[in-house]
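Please study the sequence and the structure, then work through each solution in order.

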Amino acid sequence: MHLRSLSLMNLRNHDQTDVEFSPVLNIIEGANGAGKTTILEGIAICGLSKSFLPTTETLMIRKTADFYRASAAALTDLGVPYKIAVQYAAGSRKMIGSSIGENLSPKEIIGEMPLIILSPDFKEITFGSPDHRRRFIDMMLSQASKRYAEESLNLKRILKQRNNILSQAKQHGTVNEDILEVWTGSFIETSAEIAHRRLHFISEFAPYFLEAYRQVTSVDERVEIRYEPDSLPPEITAVSPSIADLEAAYLAVAKRRKTEELRRGVTVFGAQKDDMYIGINGGNAREYASQGQHKSLLIALKAAEFEYLRNAKNEMPIMLFDDIFSELDKMRTERVFRNILNSGAQTFITTTESESLRRSLPGGIDVAFFRVTSGIAERIS
Amino acid sequence: MLHTSESIETVVELFSSLPSIGRKTAQRLTYYLLKQPAETVDKFSSALLTMKKNIRFCSTCYNFTEKNPCPICSSEKRSRKVICVVEEPSDVLAIEKTNDFYGKYHVLHGAMNPLEGIGPNDLKIRELIMRITDEVDEVILALDPNVEGEVTTQYLSKLLKPLGVRVTRIARGVPIGSDLEFADEATLSRAIEGRISL
Ligand SMILES: [Zn+2]
């Protein structure tokens, strides 16, 4: 897949931006706060229905405007045109229309234009709290499978409903057992479905990750990756369990911890608490990895995500790199850069200064440079 | 609101209190009505009042009706052996359009939704249980295919099964009339899961 053009209206400091892209490499230069990342956010809105940055939707609407709109025209690897437009006005539902149809829900477009995103915020994946790693898995799997996207939205919804019942129970000291039981049943069913899909996913993802890490670093280091469910005993997850096995295990946890849940007024188990273990040289990367190893691990995760998604979708993902090269040293920059260019994926890079990137570019490559100043993007030579 | 009159503002407020009507749309509807002749506006207001005065719940199925019991409940042509349970009166309309269902209905008026404070007692569930007599063979649960509809389906199934009635749910499947390849992946995935033997 590659993007041919992008239009932004009232998105952050962009009033009206229309840009056409190189199918290979696009370098977007601008000072901090100029609005270069907004171009990547616009692409993310077209691919994922929302930005990759933690942000409030209403804050993304330009001051003095009452809606934002992002639209894009792309071509699939087979040359089929794909169009998408997402519009959001404060207080109303997102309006999404694409080549698939009008009035779409987010899950109907997620994955149609597969994206791999690397932004400084994602450093947390390797050393932050588990929610960063869950978000990493969810973003990838939601793009790979619409069913996963749907189940993961359902889990959030059921969890909210179930927590409401539990907090009411805590407040009033009493609960309707029949009502709690059906919500627990539904919660367990969805948790098991998601845990099952994630377990299966990690087993497919791990070889890509190990290979990618080997390519990023030249030294011989032992890395490992595995799924670490919060509430399930390891002897169950170790033997590729069926959905029924997982449901039975969750049911046992639900029974055992019921009193605790009623006392605390909140759900204390389930797939929303799971983690992904990343190990390096026999220790947990969160604690043992050096700064350099953290960078290599993150790049390897993203490179593996690229391979995984390309295989799952049978479509070349689009790469978005938000100011990430400022975080990498020269050696890693060049290695990463070479790999990206070799992959043939369309790539977008934002940077505060494009000079050093320009210098490391191989000759004869189809590259487009853009400069963004106060929300105005222009193509430069 | 300095630039508008109080009576205009009242109408805008009323319109925007309707489901899926935002403030912008409410304004557009208000100004549209304002430009219409008095008779048109009169038709609107009297139609609303007449509807409100004449429509009540059917005391059997809880669908909206002008006559109690409603035409479906009082029809001799419709089987009493099958009751189809739906969330809203508009769902009855949708199923009636198929011309393929010959049983009776039961409208719950919603689904279980703790966040909105809707529990079983706020729905017409007790009324449904009262209808399960010996002459009823089957209850079809046709609730919305979302989290709340699913949980309500499970809840009803637990209540109904001990009454010795056959409990079924409508299939979740692929839309007919288009190619399989155009079906939404999530729907297709569920359809494969819910496959039936031939
Ligand atoms: Zn009736």
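**Exercise 1.** In which loop of chain B does P69(B) lie?

Solution. P69(B) is found in the loop between β2 (64-65) and α4 (71-74) of chain B. Here helices (H or I, at least four residues) and strands (E, at least two) are DSSP runs, numbered from the N terminus. The model is predicted: local features need pLDDT of at least 70, side-chain atom pairs count only at pLDDT 80 or more, and totals for chains, interfaces and linings use all residues. Residues are numbered from 1 along each chain as its sequence is written, while chains are lettered from A and ligands numbered from 1 in the order in which they are written. A cis peptide bond joins N68(B) to P69(B), with omega about -5°.

**Exercise 2.** State whether S374(A) and Y62(B) are buried or exposed.

Solution. A residue is buried if 20 or more other C-beta atoms, placed from the backbone, lie within 10 Å of its own, exposed if 12 or fewer, and partly exposed in between. S374(A) has 12 other C-beta atoms within 10 Å, so S374(A) is exposed. Y62(B) has 21 within 10 Å and is therefore buried. Next, consider phi. Most residues other than glycine have a negative phi. Yet phi is about 45° at S374(A) and near 65° at Y62(B).
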